[in-house]
Every structure is written in structure tokens, then in C-alpha cells.
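Let's take a walk through this fold, one piece at a time. Have the model open and follow along.

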Amino acid sequence: MKSDAVRGHLDGLLLAVLEPGPLHGYAIITAVQERSGGALQLRTGTIYPALNRLERLGLLHSSWESVGERRRRRYALTDAGRGALAEERTAWRAFTAAIGSVLDAGPSVRPAT
């Protein structure tokens, strides 16, 4: 799938994979890839700016954890982030319903006279 396919949907994807609990960046990339059956493969250069932006908006918060001698940043949804995810889901369902009604419509449309 083209990397452009996630454009406009990245925030919702990131918020959705963080819904069950905090994850670090690589785990977020892996979660999106696994949930999409491998169809969506995000790059670190794509998600970190988005995660930083979502944190500035108050939709995520982050904290540092140590794993052995390594430190990594974990991201978690805030209450505002959960609300934004609910809005993303509602908008997505409305969008797919509208597109589906056009794509799946039969040949009932009459040609202009």
C-alpha cells in the first residue's frame, strides 16, 4: 500500500494503537503494521513528528523509561486523546459510508437528458 494512503488518517491510527495502553515508538510502528495485516508500514520519520504534534495538542503524554542501559519514550493517550479518537472513529465511519454508497451503488443513476 502506498505510504500516501495514511495521509489524513495518521493521527487516528496513532491514537487507536495507543488506546489499550502506553507504547514506545517502535512498538507503535509494529502495532499499526500488525493491525493492518502488514498493509500499513510507518516510518520513524513519519510517526515521531506526529507523536510530538499530538503531545503538543494535549492528546498524548510521554514519559521516559529505562530498559537496561537504553532509554525510550513511551506515549499514552490523555482524556482529550480518547475524545479525539472517538471523533476520528465517527468521522471515519461517516466517510466510509458515504464513499461506499457511491462505489457500491448499482446502475440506477439515470443519464442526464
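Which residues in H1 meet which residues in H2? From H1 come Leu13, Leu14, Ala16, Val17 and Leu18, and they meet Ile28, Ala31, Val32 and Arg35 in H2; contact here means heavy atoms within 4.5 Å. Sorted by class, this contact of H1 with H2 has eight nonpolar, no polar and one charged residues. (Ala, Val, Leu, Ile, Met, Phe, Trp, Tyr, Cys and Pro count as nonpolar, Asp, Glu, Lys and Arg as charged, and the others, Gly among them, as polar.)

A quick word on ground rules: this is a predicted model, where local features need pLDDT of at least 70 and side-chain atom pairs count only at pLDDT 80 or more, while totals for chains, interfaces and linings use all residues. Residues are numbered from 1 along each chain as its sequence is written, and side-chain values use heavy atoms, with hydrogens and water left out. Helices (H or I, at least four residues) and strands (E, at least two) are DSSP runs, numbered from the N terminus.

Back to that helix pair. H1 and H2 pack with their axes 10 Å apart, at an angle of about 100 degrees; axes are lines fitted to C-alpha atoms, for helices over the stretch in contact, and angles run from 0 to 180 degrees between N-to-C directions. That makes H1 roughly perpendicular to H2, a label for angles of 65 to 115 degrees (under 35 is roughly parallel, over 145 roughly antiparallel, the rest oblique).

Now look at H2 itself, residues 25-35. Its buried residues are Gly25, Ala27, Ile28, Ile29, Ala31 and Val32, where buried means under 20% relative accessible area, exposed over 50% and partly exposed in between (1.4 Å probe, protein chains only). Their cover includes helix H1 (10-18), strand S1 (23-24), helix H3 (44-56) and strand S3 (70-77). Just after H2, glycine 37 takes a positive phi of about 65 degrees.

On to the strands, which pair if DSSP finds at least two bridges between them. S1 and S3 run antiparallel over two bridges, with leucine 23 partnering tyrosine 75 in S3. Histidine 24, also found in strand S1, is buried at 17% relative accessible area. Leaving aside residues up to four places away in sequence, histidine 24 touches Arg72, Arg73 and Arg74.

S3 also pairs with S2 (residues 60-67), antiparallel over eight bridges, and leucine 60 stands opposite leucine 77. S2 and S3 form a hairpin with two residues between them, and glycine 68 in the turn has a positive phi of about 65 degrees.
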